[in-house]
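Me: I want to go through the labels attached to this model and ask what stands behind each of them. Please set each value against its cut-off.

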Amino acid sequence: MTDMQASGDRLAHYVRREPFDAYDGEKTDPALENYYMATQWKLMWWKLKRHKLALWSGAFLLVMYLSILVSELIAPYSLATRNTDFIYAPPQAVHLWHDGRFVGPFVYGLDYSLDMDTLKRNYVPNPDKVQPIRFFCRGESYEWMGLIEGSFHFMCPAEDGTLFLLGTDRLGRDMFSRLAYGTRISLTIGLIGVTIKFVLGIVLGGLAGYYGGWVDMVIQRLIEIIRSFPELPLWMALSASLPVSWSPLYIYFGITLILGLIGWTGLGRAVRSKLLSLREEDFCTAANLMGAKPRRIIFRHLVPSFMSHLIASATLAIPTMILGETALSFLGLGLRPPITSWGVLLTEAQNINVVALYPWLLLPVCAVIATVLAFNFLGDGLRDAADPYK
Amino acid sequence: MFAYLVRRLLVMVPTLLAISAIVFTIIQLPPGDYLSTLIAELQSQGEAANLERIEFLRQQYGLDRTPVEQYFHWLFGLLHGDLGWSFEYNLPVSHVIGDRLLLSFLVAFVTVIFTYAVAFPIGIYSATHQYSWGDYGLTLLGFLGLATPSFLLALVMLYLANIWFGTSIGGLMDPEYIDQPMSWGKFASVLEHLWIPVIVIGTSGTAAMIRRLRANLLDELQKQYVTTARAKGLPPRRALLKYPLRMSLNPFISDIGDLLPHMISGAAIVSVVMSLPTNGPMLLSALRSQDMYLAGSFLMIEAVLIVVGVFLSDLALAALDPRIRLHGGATK
């Protein structure tokens, strides 16, 4: 400074040309701005993206659900095709190399012999019979969803060959194909059932939470009563009461309805307690003062504030329904053939002999476990993502 | 405390009445009754049904009366300890189910103990060692336990036990003790057979409980008072056991209301697979043959068992937690 004064030069006069902005200091970078302005759903998605396991589970479930659109195309055989020469055939392993030479995916044909002492069917892969799997091929004809006829499959057995990726059952039906068809029934039962649960839970829980008083009292008691019954025996009793004369399709809807009617209580309670705390909030009082009707307040203001939470609970509720259907069908009280679900497939594995002799009949349980696990992981991830305090 | 007890008991009365009405409706739901099933069965075997005898039976069993009359008759009987008549066994229901009920109680009781005994240490370990390998391993195991249908677990266990121990472990006791009066030998045999059903039935409940205990304890451990306690130099073990654990035990006890129905459900299907002489298989066959009073009694008794269980857990909770004791405990 002293130098400058000594030299006698004046300081350069700086004038800023831009108009003055009083909020200049509070400006943030666009990324943060984006974060502040994001909707609740976007925030949830960002949080969920960090939860890798939940994301992979979600992707897995998406693939499973997409697969039920094209079950007919995935299954190499149709639901009821009987390969009478291959009863209780074990799964055929897929190989790529034969005699040190690359062939592409193929299976070895099975040689059949009957053990005359135990009357057990023995199948031995024959290394001479190389049966390459055909892809994107024409095979058995089917009716897609009972509407469109077709014969296109993603994969088929070789001409005059077999392709039993998961073995065959007591009638020689291909388990893999049946599993693919069963997926359609088992997964949709969970979805439809959860929809029923959801509607009942929101409506009844909403009424209880919003009105309080005697409505709350009645619904609370109702929930308590339903919860006093052990689930499975109650399901058993109700599904035993479905008329025998009903067609399998009606039974399917009946079972779904039963699963949903009993299962809504947990969701109903969650809705009620959330509503009880939310209706005391200021925005709710404001809406009320402005003359909004209860229905508008519930569905326009209250439900959106805990929808994310509800979706997480619903995701966690689907596995119960899938397991419930499996158990009921296993006991013979659930779905009946020709409708095929995972539970119906598992009825084949009802005794210990099956575990000992034909363990591949237990394989549908892997599908059950994988799906239930995936729903649990996804549900946990969603719940964490929906929780603003985490 | 006394006022709370009385109010809690009074609430149970209408609940039980409603349950009985629902049970009766359910067992009435299937079209026809046991006798029409019987007639159809006789006719399908080519035998002529003796219509006079059928009519006599119908009157004898009161099946010709209106459902409402039948309900009150049944309810009146229930209140006097008369569970009705089992058509299939041609015996009073109480004679048919007496022994089975005892064994069902035993299985349910031991399973609850098992669940607590396993879930408690594992839950604490998982919460205190969050994100360790042990925690991940146990959590994965818990998820698997939740996802596996119990009946398949039962089948596989039966098979494995058969291979490893060379014994048939189906049933709940050695064959020579069946229908024998209770003795030490029988008791020991029951204990020997009990562990597999207990593990199978308890698995999913245990898994659920571990997850809940872990979550509760984690929530508590993050609270300020724990930090304060640590900062004041409380030994870690005491800082864990004295307050956070006690706080997270609350749901542990109130959960019995969820646990009991779960256990009884699980027991029903597992005992069908393992042919245990408990409620499950008999309920299934009673439902199939429309032996309505037998099926109804099972449903009713199971529901009563659960209501009483929840009542006891509420009492325990009230004894533990002064907030519930003093404010009427509507916080659930």
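Reply: Two residues are in contact if their C-beta atoms, placed from the backbone, lie within 7 Å. In chain B, 72% of the contacts with a separation of 6 or more are between residues 24 or more positions apart. The model is predicted, with local features needing pLDDT of at least 70 and side-chain atom pairs pLDDT 80 or more, while totals for chains, interfaces and linings use all residues. Residues are numbered from 1 along each chain as its sequence is written, and chains are lettered from A and ligands numbered from 1 in the order in which they are written.

Me: What does the predictor say about its confidence in the complex and in chain B?

Reply: The complex has an ipTM of 0.78 and a pTM of 0.80. On pLDDT (the predictor's confidence in each residue, from 0 to 100), chain B averages 79, and 89% of the residues score at least 70. Within chain B, the lowest mean, 65, belongs to helix H15 (residues 322-327), and the highest, 88, to helix H9 (residues 224-231). Where pLDDT is low, coordinates should not be read in detail.

Me: What makes Tyr88(A) partly exposed?

Reply: Tyr88(A) has 18 C-beta neighbours inside 10 Å, so it counts as partly exposed. This residue lies in the loop between helix H5 (71-74) and strand S1 (95-98) of chain A.

Me: Why are S2(A) and S3(A) said to pair?

Reply: Strands pair if DSSP finds at least two bridges between them. S2 (residues 101-115) and S3 (residues 120-132) of chain A have 10 bridges, in the antiparallel sense. In S3(A), Pro132(A) is the bridge partner of Phe106(A). The two strands form a hairpin with four residues between them, and Leu119(A) in the turn has a positive phi of about 55°.

Me: What makes the set around Met236(A) and Ala154(B) a nonpolar core, and where does it lie?

Reply: A nonpolar core is a set of buried Ala, Val, Leu, Ile, Met, Phe, Trp, Tyr and Cys residues joined through C-beta atoms within 7 Å. The largest has 156 residues, and those with the most contacts inside it are Met236(A), Ala237(A), Ala154(B) and Ala295(B). Helix H6 (residues 175-211) of chain A gives the largest share, 13 residues. Domain 1 (33-82) and domain 2 (100-320) of chain B, whose bounds come from an automatic or database domain assignment, both contribute residues, so the core lies between them. Among the residues that Ala295(B) touches are Ala237(A), Ile27(B) and Leu283(B).

Technical notes
Buried ≥ 20, exposed ≤ 12 C-beta atoms within 10 Å, placed from the backbone. Lists of a residue's contacts leave out its neighbours within four places in sequence.
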